[in-house]
Amino acid sequence: MNIASFAPLAVVLPILGAALTFVLIRHSRAQRAVSITLLSLTLLLECVLLASVWDGGTAAVNIGGWLPPWGIVMVVDQFSSLMLVVSSTVSLAVLVYATGQGMADGDRDAPLSIFHPTYLILVAGVSNAFLSGDLFNLYVGFEILLTASYVLMTLGGTGPRIRAGVTYVVVSVVSSVLFLIAIAMIYGATGTINMADLAIKLADLDSGTRMLLHVMLLVAFGIKAAVFPLSFWLPDSYPTAPAPVTAVFAGLLTKVGVYAMVRTETLLFPGDSLNTPLMVAALLTMVVGILGALAQSDIKRLLSFTLVSHIGYMVFGLAMSSVAGLGAAVFYVAHHITIQTSLFLVTGLIERRGGSSSIDRVAGLAKLSPILALLFFIPAMNLAGIPPFSGFLGKVGLMQAGVQLGTPLAYALVIGGALTSLLTLLAVARVWNRAFWRKPEDAENPDPVLLADPEDSDTGDRAGKRNVTLLPRTMVGSTLGLVAFGVALTVFAGPLFRVADQSAVDMLDRSSYIQAVLGENAPVPPIAQPEPAQQEGQK
Amino acid sequence: MSVNLTLLTVMGALYACGIYLIMERSLTRVLLGLMLLANATNLLILATGGYAGLAPMFSKDIDPRDYNDPLPQALILTSIVISFAVTAFMLGIIYRTWVLARRDEIQDDVEDIRVAETPSFDAEDDSEIPVETSEFPLTMVGTDGRGISDAGMSGEGAAGGSAERGSAIVKAGGREIKAKDAAAEEQPGSQNVTPGPEGGVK
């Protein structure tokens, strides 16, 4: 009995939780208890999975006993289990945060009871996408998480959320249709949708067909991962959702897209046929995204733009298709999930304490709430890549890999990456200066909450605000936990980087994955090298 | 493998209509477009199954090549269920948009318009004189009804100026919104629309 046989539980447990919380929809206390317990169990299970593959190796589970390539396979390797652990940690923190917010605000926001089941289904979809060893199951995972995200995005059904929700739903559905078309064409071309089997059979196709399938998948995942120029939808739709929802979206959803890109790039389409366009896209994503962030005055929108911008780093690492680059990208994904989510959670707290998330309307928070300032400062510096935080380590890893590669384009990306890092620092420093360092009196059109007497800042009933706790302990505690997890990523960066590098070696080698799924005797095809003449033609 | 020409033509027509419809501004048409795209894709998956054949129920006497490929049909079934859920959800959204805004159209993002119209000049950083360049055009008007920019001035001229600004209108999404309300547009729970009959606005 292999420990990896329990991998499907990472999907089943959250779905079970969703069913239970849906039954308990009128008992908010029981609902909270069930969802937090089941998510903690899931996290525990995923930690065990990660521990079982910590030193390398790949394990596959055949669902329902159907042998691959016919049945559905779930694959646990270092990359997928690392993503599972990080994503579940983040979702648990956000769940606790949202629960705290719900308790602090009372049951006035009625749709909150639907939050728990939907949220758990989202987590199940994310787990399914990470574990899937089958293209169609990956599609189903995406659809599960997207459908849950549609509901969360429009929670409460207010005007701005519906407006943002429409954009989000339409863009997501279009990208899913593209993905499905790609799956259909791949099935038509090869007769299989099992990824390990595809890795063998795609190599036999002629390069034109392969290129077509490759581009289709990349475009579909590029929309989901918000890679420029397919990133326009993200800053439009994310900021309007409730703070915990935005936080989990920012942390997880785009990263599932990045994960899918990494899987397909390394497993299905190895070689460097599309690396040049990917690198250009990565550069543009970084630079255009961060320039957008500089124009924003709303912290949530600003962070959405930095989110887009930093996707560029991961695509950069992927596009190098070297062990160093891919390893750094894996590390960067883990780092970025944590940091971006904590920043959005802190923004939710800023919004509560300052009454607004616009940097014009809040001021003086460093004095009003030092803990908030600390909670913002650490992940903000981490995001900007200030030593010694994990953001710095990830970026250095990427740049080292870029310099190793040594092509002019790689150097351009290294420079672009450094520039983006500095501009990120500028963007978060702007937030810091205005929201935290100004005097509270300097705020333009401040919310009454901001200027209220600090004496009664715990529970105040003041103009326009009902009697609520401004900074409930659960919310601050969960944010603090996530910030601490981000710092832990820095402290344990050594072992983590080792695992990331090893997973990169495995992914580029492919034999571990293919043989885990199809058995020891499966042939591992050599990486298809397109003839130079054809490559010239394609350019 | 061979392809059924009729299916292929229908698929192409569905894709063409679907793509045309999702370019529309009306939400109902966008939804119809999405449904056509989903159905066209289902046909595409069906086409990948190859020739029509016998139902895939195993019998020793039948040559394996006579069976129809069952896998694409399983995939189609899943994708039909998914597109059903998405369609239902989109209908809900469309109804909600109708309740809230009395229009079946995609709304403009007020924040986008604001960013587009914001000059590169920043009031706090670039200027000695506090003039009105922030994204809250009216928020500069103090509680006494006088603009901050008027603080140094005196007399009726200032009062007239701020009164005029008090009625400033921002045009967004085809609607005219009072500028001070437009600033609050992105705040959760804020409504710039009149309540619908269903009590769409809390």
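Biologist: Which residues of helix 13 of chain A meet helix 15 of chain A?
Modeller: In this predicted model, helix 13 of chain A brings A:Ile339, A:Ser342, A:Leu343, A:Val346, A:Leu349, A:Ile350 and A:Arg353. On the side of helix 15 of chain A they meet A:Leu372, A:Leu375, A:Phe376, A:Pro379, A:Ala380, A:Asn382 and A:Leu383.

Biologist: And how do the residues of that contact divide, nonpolar, polar, charged?
Modeller: The contact of helix 13 with helix 15 of chain A has 11 nonpolar residues, two polar and one charged.

Biologist: At roughly what angle do the two axes cross?
Modeller: Roughly 150 degrees, with the axes of helix 13 (residues 323-354) and helix 15 (residues 370-384) of chain A coming within 9 Å. Angles over 145 degrees count as roughly antiparallel, so that is how helix 13 and helix 15 of chain A lie to each other.

Biologist: Left-handed or right-handed crossing?
Modeller: Helix 13 of chain A passes helix 15 of chain A in a left-handed crossing.

Biologist: Switching to the chains. How many residues does each give to the contact?
Modeller: Chain A gives 34 residues and chain B gives 39. On the chain A side, helix 5 (135-153) and helix 6 (159-190) are the elements that give two or more residues. Helix 6 of chain A has the largest share, 16 residues.

Biologist: Last one: which residues of helix 21 of chain A are buried?
Modeller: A:Tyr513, A:Ile514, A:Ala516, A:Val517 and A:Leu518 are buried there. Their cover includes strand 1 (59-62), strand 2 (73-76) and helix 20 (493-509) of chain A.

Biologist: What follows helix 21 of chain A?
Modeller: A:Gly519, with a positive phi near 100 degrees.

Definitions and conventions:
Residues are numbered from 1 along each chain as its sequence is written. Chains are lettered from A and ligands numbered from 1 in the order in which they are written. This is a predicted model: local features need pLDDT of at least 70, side-chain atom pairs count only at pLDDT 80 or more; totals for chains, interfaces and linings use all residues. Axes are lines fitted to C-alpha atoms, for helices over the stretch in contact, and angles run from 0 to 180 degrees between N-to-C directions. Helices (H or I, at least four residues) and strands (E, at least two) are DSSP runs, numbered from the N terminus. Angles under 35 degrees count as roughly parallel, over 145 as roughly antiparallel, 65 to 115 as roughly perpendicular and the rest as oblique. A crossing is left-handed if the near helix is turned anticlockwise from the far one by less than a right angle, and right-handed if clockwise. Two residues are in contact if their C-beta atoms, placed from the backbone, lie within 7 Å. Ala, Val, Leu, Ile, Met, Phe, Trp, Tyr, Cys and Pro count as nonpolar, Asp, Glu, Lys and Arg as charged, and the others, Gly among them, as polar. A residue is buried if 20 or more other C-beta atoms lie within 10 Å of its own, exposed if 12 or fewer, and partly exposed in between; C-beta atoms are placed from the backbone.
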